[in-house]
Amino acid sequence: MIDFSLLGFGQGGWGAWLLAGAVMTLVVTLCALFIGAVVGALVAAAKLSKRRLWRVVGDTYTTIFRGVPELLIIYLIYFGGSGAIGAFGNLFGNKGLSPPAFLVGAVGVGLISASYQAEVFRGSFMAVAAGEIEAARALGMSRLLRFRRIIVPQVWRFSLPGLGNVWQLSLKDSALISVTGLAELMRQSQVAAGSTHLYFTFYVAGGVLYLVLTALSDRAFGVAERRVARSFRGSLGRG
Amino acid sequence: MNVRTVFAAALAVAALAGGPALAKDVVIGTEGAYAPWNLSNPDGSLDGFEIELMKNVCPRAQLNCTFVTHDWDTMIESLNANKFDVILDGLSITPDRAKVIAFSIPYASTPVGFATLKDSPLANLPETGTTVTVTGDPAHDKAEVAKFLDAFKGKTIGVQTATIYTKFLDDFFGPVATIREYKTVAERDADLIAGRVDATFDDETALGASLATKGNEDMVLTGPEMAGAAWGPGIGLGLRQSDTDLKTAFDKAIKAAIDDGTVKTLSEKWFKLDVTPKQ
């Protein structure tokens with residue numbers, strides 16, 4: 001069956017190779033989640049806006065990025081981005097400039113994750129009890145202070161479980177970046193499989209590493225949720 | 001690390017495109033995952049038939065070649081989007097692809113043959129061990145196939161679907177044998193082992209890989225190697241259509257590597273058979 005020395009770290013072992021892929025997957029997904037959080041917060045704000053124009057912009061964003069296949073978006077950014085950056089480069093006589101695969105991957109997965117994060121943030125904002133905001137206003141808190149002391153801490157807390165889901169989605173979406181040749185876990189598994197003709201062995205190994213990443217991050221989110229829940233009275237948190 | 005590689009590649013491409021007619025730096029895009037054509041070692045270094053061949057061909061063409069690895073699925077689009085200058089990935093020269101990219105002259109053309117089981121009556125076909133030339137001219141090829149066609153009367157031959165080999169089998173073996181098509185090589189091989197087909201038909205590098213796979217120990221090659229233009233021009237480098245100088249340089253260097261036997265030596269090292277294009 002599976003020859004485990006092939007997966008080790010010794011001579012001829014692919015352990016370090018696969019692990020490097022797992023680290024790359026983790027890093028690119030972290031960057032994507034960060035990009036997604038910034039863009040997602042803006043989109044959520046647009047969707048919650050009183051102005052109709054902003055609501056339309058926000059809704060259009062989430063409709064497009066949730067409704068189009070992730071792979072297509074990555075292709076669009078990879079090749080479309082090349083076109084745009086290439087044209088920009090040509091202006092300065094620097095032909096053939098092209099965005100690095102890491103940037104394409106982080107932005108691609110990030111923009112997709114933003115559409116899901118926006119929905120999470122919007123839901124969490126609506127879950128903040130109207131009475132609390134009213135009370136804060138009654139105490140004379142300014143808009144900014146209300147946002148900082150009342151809204152952000154609660155939205156953050158309500159969002160965590162949803163963000164855990166988005167993180168897992170993004171972690172798996174990151175496998176699609178392999179089409180750009182970025183040395184993340186999917187691509188590293190493919191290369192090892194194709195180089196040795198041991199497809200089963202290396203795809204199983206890659207799958208196990210994805211599971212390790214998702215299982216560990218699941219635990220991390222669990223711990224974070226409990227920590228955040230501590231500062232609230234028993235009502236909603238898991239205690 | 002990959003970010004930097006790609007960025008360096010992009011800069012190299014930029015330098016190349018902006019430079020005078022024939023530049024010296026060339027970035028070769030390869031999969032690094034298509035053994036034994038091109039493959040990666042666990043330490044990340046590239047190896048394989050094509051990699052060694054290019055390390056021989058590039059100096060001949062006075063080109064300073066560097067390699068970047070890239071996924072197969074986006075190879076051709078990436079070439080045209082200037083992500084690299086050359087595709088090196090067991091790329092068959094086909095009319096469809098020739099519409100969007102240019103090709104060098106072929107540096108390999110894999111012969112095609114049969115595999116069967118050790119104890120099969122087909123295991124000792126006439127002409128086994130010889131090379132037969134198939135030109136794509138129906139009359140000529142029919143005469144060549146006739147030398148061993150009788151052995152296949154009433155037999156079943158398994159072949160991967162949607163390949164150039166399917167049509168060849170239908171045309172020349174169809175009248176006497178049953179042709180059964182399979183989606184994947186693994187399914188086809190499983191049916192050979194199970195006795196549901198009597199022989200399989202494929203290019204010999206692929207058959208070699210099947211023979212080397214665990215569980216296929218009873219498989220043997222049988223009959224002649226069939227080589228020639230019937231299988232298309234062969235395997236070549238993919239180039240941008242605008243890079244005509246690069247094509248000229250590579251064509252000349254590949255021809256020299258074929259003529260002095262470099263291709264044959266490397267081929268026998270990596271494939272245990274000669275894939276030098278015949279013509």
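Where in chain B is confidence lowest, and where is it highest?

**View 1. Confidence along chain B of a predicted model.** Confidence is lowest in helix α1 (residues 2-18) of chain B, with a mean of 53, and highest in strand β14 (residues 238-239) of chain B, at 98. The score here is pLDDT, the predictor's confidence in each residue, from 0 to 100. For residues 15-23 of chain B the pLDDT is below 50, and this stretch has 13 contacts in the model beyond near neighbours in sequence. Two residues are in contact if their C-beta atoms, placed from the backbone, lie within 7 Å. Chain B has a mean pLDDT of 89, with 91% of its residues at 70 or more. The scores of the model are ipTM 0.81 and pTM 0.80.

To find your way around, note that residues are numbered from 1 along each chain as its sequence is written, while chains are lettered from A and ligands numbered from 1 in the order in which they are written. This is a predicted model, so local features need pLDDT of at least 70 and side-chain atom pairs count only at pLDDT 80 or more, whereas totals for chains, interfaces and linings use all residues.

**View 2. The two parts of chain B.** Domain 1 of chain B takes in 2-109 + 233-271, and domain 2 covers 112-231; these bounds come from an automatic or database domain assignment. Over C-alpha atoms, the centres of the two domains are 31 Å apart.

**View 3. Chain B as a whole.** Here you can look for 10 helices and 14 strands. Helices (H or I, at least four residues) and strands (E, at least two) are DSSP runs, numbered from the N terminus. Along the principal axes, the C-alpha atoms of chain B fill a box of roughly 65 × 40 × 30 Å. Of the contacts in chain B with a separation of 6 or more, 71% link residues 24 or more positions apart. Of its 279 residues, 43% count as buried, meaning that 20 or more other C-beta atoms, placed from the backbone, lie within 10 Å of the residue's own.

**View 4. Strand β1 of chain B and its partners.** Strand β1 (residues 25-30) of chain B is mostly covered, with 5 of its 6 residues buried. It runs parallel to strand β5 (residues 64-69) of chain B, joined by 6 bridges; two strands pair if DSSP finds at least two bridges between them. Val27(B) has Thr66(B) as its bridge partner in β5(B). β1(B) also pairs in the parallel sense with strand β6 (residues 86-87) of chain B, over 2 bridges. There, Ile28(B) is partnered by Val86(B).

Definitions and conventions: Buried ≥ 20, exposed ≤ 12 C-beta atoms within 10 Å, placed from the backbone.
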